[in-house]
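Here is a short briefing for a reader who is meeting this structure for the first time. Please look through the sequence and the model, then read the points below, which are grouped by topic.

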Amino acid sequence: MSADGTAKAPAEPADAHPKPLHDPDPYSTPPYGEPGPWAPAPPVQHPATTPAHGTAVPMPPPAAHGTAVPSAAPAPAAGGTVPPPHPAPSTPTPPPTAVAPAPVLPPPAPGGAPVPAPAPAVPAQPTPAQGTPLRPIPPQPTQATPPQPTPARATLLQPTPAAPHQPPPPQATAPQPTPAPPYADPPPPTTPWQNYDPWAANRHPAAPLQQSGAAVATEQQRRKRAKKVILVGILLVALVSGGVGGVVGAYLERNGGVGELELPQAGAEAEGRAPDSVAGIAARALPSVVTLHVSGSENQGTGTGFVLDDQGHILTNNHVVEPAGDDGEISVTFHSGDTAKATVVGRDGGYDLAVVKVSGVSGLTPLPLGNSDNVQVGDPVVAIGAPFDLAGTVTSGIISAKERPITAGGESGDGSDVSYVDALQTDAPINPGNSGGPLLDARARVIGINSAIRSADSGSDLDSGQSGSIGLGFAIPVNQAKRVAEELINTGKATHPVIGVTLDMDYTGDGARVGAKGSDGGPAVTTGGAGDKAGIKPGDVITSVDGQRVHSGEELIVKTRAHRPGDRLELTLERDGKELTISLTLGSSSGN
């Protein structure tokens, strides 16, 4: 009870007053560095004036239509001093509410106390009379809630109860505090970017932030705009690329490229080839093929040969080594490049074969010999030689014909150097210098010895001219060459099978006619020879040998030379218009 008889409210502890959630930020930034000025800000506490005893008075809402509402002045305390205002807890400021057309006034209080006139559209706060205890206002929650629209309603003014009429006690006059400025919203900013003020009482929710005077594009419009931008970008890139490409192309055309030119090339492959391929055959045969360089007192020449055995015997043609004579020189060059001197072991002009031997050479690889009787027309063949002194030349072709009767030589005039060969014909290119080289089958076996060609302007001798191949090459069958080589190695001479008759080489009819007398003036049929024993008479015409037709004397010699001495033949002949068949055993004669 105070001195003037007015009951006083009990003192409240200091902790009972609500406190702000955090200290005021001197930099006016959102608390704890959370949302920035462009995001919804948390509620901000404004300092508010408080009446005596530190009781917080809620902040009045903004007046309608921007009318300022004066706030109630705090009553001075009994001691004559004005307590400092305490900040009240922050509460969300409700949006402006509609003002009722006419407020309802309460009836006059008993005792005749005047009723204060209400402020238009603003709920009046009750002003406590002097000596009346103040009722504390419960603290408001600090949780920020989005503003909700409040329906318009009539605001009623509550009457302030009048205290009992007593004369006021004498009190010291205290200076009245300056009324707080009204909480009225400032006028809206001129630019929408300044609409947002997180500490303003009214944030102008009716004016959203947007660009001045510009409409917000729809999703479809944004997509169309993006498509246009992409299309324009593509066109620009295409134009720039075309221009750059044209400039670069013109530069390359005029200057021949940038830097050094590097052409595409296949990578390394395995060296091995199929054994029956031309490369496979050549790889196996080349180490056994040699090149012969022959020089004599009058002539010199080049030819080819191949190794027969590991003792150094080499088989070649007789016309290759013939220029050396008795005092000439023969040099043999191997595929490895090594050279060695060679000597003649034996040679035979009738077969056009010769054997030479090298000494002091080891590691020789003989070429295997095939069987010429097994060869068929059309079989693939490979020829190796040194045409025009080009050692190690490999050509290929097929067997064009078999048992082709040819003659070569005859430069001496007496026929002693004429060779008669029942040859294998091939279209494998053979040229001067190939003479004596091997003709190989698909298994790299020797089936013939290359000896002669038919050129367009010369005879059949390989060394008779320098004309090239026209696809007509001839090789001595290996079966015949084997027998002759063995005889030359063993005895130094070769034997020839003979019938024992002298032929009329000027006869132009069909067949081979026996002459009237011998070449030395003796009888045409050798007495006691194979023909004499079989009953052949001078003037008989031999038309076939073992059923094969014979058209000339040369053909009869070729067919005979294709056999060994002692072989038995069946001959068909004509005598006085009659056809006779006889059988005889071939005789033997020494070769030159």
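Predicted model: local features only at pLDDT ≥ 70, side-chain atom pairs only at ≥ 80, totals over all residues.

Local features need pLDDT of at least 70 and side-chain atom pairs count only at pLDDT 80 or more, whereas totals for chains, interfaces and linings use all residues. Residues are numbered from 1 along each chain as its sequence is written, and side-chain values use heavy atoms, with hydrogens and water left out.

**Confidence along the chain**
- Over residues 1-9 the pLDDT stays under 50, and the model has ten contacts (heavy atoms within 4.5 Å) for them beyond four places in sequence.
- The pLDDT is also below 50 over residues 141-165, a stretch with 34 contacts in the model beyond near neighbours in sequence.

- Strand 5 (residues 339-348) pairs with strand 6 (residues 353-358) in the antiparallel sense over six bridges, and Asp-348 stands opposite Leu-353 in strand 6.

**Thr-291**
- Thr-291, which is found in strand 1 (residues 289-295), is buried (under 20% relative accessible area, with a 1.4 Å probe and protein chains only), its relative accessible area being 5%.
- Not counting residues up to four places away in sequence, Thr-291 touches several residues, among them Thr-302, Ser-331, Ala-386 and Asp-389.

Note on methods. pLDDT = per-residue confidence, 0-100. Helix = DSSP H or I, 4+ residues; strand = E, 2+ residues; numbered from the N terminus. Buried < 20%, exposed > 50% of the residue type's maximum accessible area, 1.4 Å probe, protein only. Pairing = 2+ DSSP bridges.
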